[in-house]
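Trainee: I have a new structure open and would like to learn how to read it. Could you take me through it step by step?

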Amino acid sequence: DCAAAAPHFQAVLTHEASHLGALFNLGNVLYELGRDGDAAERYLQAIEVGEASGWHTLVYGVTLAISA
(Lines give C-alpha, C1' and ligand atoms only; values in the text may rest on other atoms or scores of the structure.)
Protein backbone atom coordinates (compact mmCIF):
# COMPACT_ATOMS: atom_id res chain seq x y z
CA ASP A 1 0.00 0.00 0.00
CA CYS A 2 1.73 3.14 -1.25
CA ALA A 3 -0.17 5.51 1.02
CA ALA A 4 0.94 3.50 4.06
CA ALA A 5 4.56 3.24 2.86
CA ALA A 6 5.14 6.98 2.33
CA PRO A 7 5.34 7.92 6.04
CA HIS A 8 7.93 5.20 6.63
CA PHE A 9 10.24 6.54 3.94
CA GLN A 10 9.66 10.09 5.23
CA ALA A 11 10.66 8.92 8.73
CA VAL A 12 13.95 7.58 7.39
CA LEU A 13 14.59 10.91 5.68
CA THR A 14 13.94 12.73 8.95
CA HIS A 15 16.97 10.96 10.39
CA GLU A 16 19.12 10.84 7.25
CA ALA A 17 18.03 13.38 4.61
CA SER A 18 20.38 11.99 1.97
CA HIS A 19 19.40 8.32 2.27
CA LEU A 20 19.36 7.20 -1.37
CA GLY A 21 16.99 4.26 -0.94
CA ALA A 22 14.45 6.31 1.00
CA LEU A 23 14.60 9.19 -1.49
CA PHE A 24 14.02 6.97 -4.49
CA ASN A 25 11.49 4.69 -2.85
CA LEU A 26 9.53 7.69 -1.61
CA GLY A 27 9.72 9.08 -5.14
CA ASN A 28 8.34 5.81 -6.48
CA VAL A 29 5.52 5.80 -3.92
CA LEU A 30 4.62 9.42 -4.68
CA TYR A 31 4.61 8.64 -8.38
CA GLU A 32 2.24 5.71 -7.79
CA LEU A 33 -0.02 8.07 -5.81
CA GLY A 34 -0.18 10.43 -8.78
CA ARG A 35 2.09 13.03 -7.21
CA ASP A 36 4.52 13.26 -10.10
CA GLY A 37 5.95 16.65 -9.13
CA ASP A 38 6.72 15.49 -5.60
CA ALA A 39 8.24 12.29 -6.97
CA ALA A 40 10.52 14.24 -9.30
CA GLU A 41 11.65 16.39 -6.35
CA ARG A 42 12.74 13.29 -4.44
CA TYR A 43 14.65 11.95 -7.44
CA LEU A 44 16.30 15.35 -7.91
CA GLN A 45 17.29 15.45 -4.22
CA ALA A 46 19.08 12.12 -4.62
CA ILE A 47 20.96 13.43 -7.63
CA GLU A 48 21.84 16.69 -5.84
CA VAL A 49 23.37 14.93 -2.84
CA GLY A 50 25.62 13.08 -5.27
CA GLU A 51 24.41 9.62 -4.37
CA ALA A 52 22.40 8.80 -7.46
CA SER A 53 23.75 7.34 -10.65
CA GLY A 54 22.79 4.98 -13.44
CA TRP A 55 19.19 3.83 -13.24
CA HIS A 56 18.41 6.52 -10.67
CA THR A 57 19.14 9.23 -13.20
CA LEU A 58 17.11 7.39 -15.82
CA VAL A 59 14.11 7.10 -13.50
CA TYR A 60 14.35 10.82 -12.76
CA GLY A 61 14.50 11.70 -16.45
CA VAL A 62 11.56 9.52 -17.32
CA THR A 63 9.52 11.01 -14.48
CA LEU A 64 10.24 14.52 -15.70
CA ALA A 65 9.28 13.53 -19.22
CA ILE A 66 5.91 12.10 -18.23
CA SER A 67 5.21 14.90 -15.78
CA ALA A 68 5.61 17.62 -18.39
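Trainee: What should I know before I start?

Mentor: This is a predicted model, where local features need pLDDT of at least 70, side-chain atom pairs count only at pLDDT 80 or more, and totals for chains, interfaces and linings use all residues. Residues are numbered from 1 along each chain as its sequence is written, and side-chain values use heavy atoms, with hydrogens and water left out.

Trainee: What is the mean pLDDT of the protein?

Mentor: First the idea: pLDDT is the predictor's confidence in each residue, from 0 to 100. Here the mean is 84, and 88% of the residues reach 70 or more. Confidence is highest in α1, at 96, and lowest in helix α4 (residues 55–67), at a mean of 71.

Trainee: How many helices and strands are there in the protein?

Mentor: Helices (H or I, at least four residues) and strands (E, at least two) are DSSP runs, numbered from the N terminus. This protein has four helices and zero strands, giving the pattern α-α-α-α along the sequence.

Trainee: At what angle do α1 and α2 pack?

Mentor: Axes are lines fitted to C-alpha atoms, for helices over the stretch in contact, and angles run from 0 to 180 degrees between N-to-C directions. Helix α1 (residues 2–15) and helix α2 (residues 20–32) pack at about 155°, with axes 9 Å apart. Angles under 35 degrees count as roughly parallel, over 145 as roughly antiparallel, 65 to 115 as roughly perpendicular and the rest as oblique. That is why α1 and α2 are called roughly antiparallel to each other.

Trainee: Which residues make the contact?

Mentor: Contact means heavy atoms within 4.5 Å. From α1, the residues include Ala 5, Phe 9 and Leu 13, and from α2 they include Leu 23, Leu 26 and Val 29. In this contact, 10 residues are nonpolar, two polar and one charged. For these classes, Ala, Val, Leu, Ile, Met, Phe, Trp, Tyr, Cys and Pro count as nonpolar, Asp, Glu, Lys and Arg as charged, and the others, Gly among them, as polar.

Trainee: How do α2 and α3 cross?

Mentor: Their axes come within 7 Å and cross at roughly 165°, so α2 and α3 are also roughly antiparallel to each other. Among the residues in this contact are Leu 23, Leu 26 and Gly 27 of α2, together with Ala 39, Arg 42 and Tyr 43 of α3. The contact of α2 with α3 divides into nine nonpolar, three polar and three charged residues.

Trainee: Is Arg 42 buried or exposed?

Mentor: Buried means under 20% relative accessible area, exposed over 50%, partly exposed in between (1.4 Å probe, protein chains only). Arg 42 lies in helix α3 (residues 36–48) and is buried, because its relative accessible area is 18%. Leaving aside neighbours within four places in sequence, Arg 42 is in contact with Leu 23, Leu 26, Gly 27 and Leu 30. Across the protein, buried residues make up 26% of the 68 residues.

Trainee: Where does Leu 33 lie?

Mentor: Leu 33 is in the loop between α2 and α3, and at 39% relative accessibility it counts as partly exposed. Leu 33 and Asp 1 are 32 residues apart in sequence, while their C-alpha atoms are 9.9 Å apart in space. Setting aside neighbours within four places in sequence, Leu 33 is in contact with Cys 2 and Ala 3.
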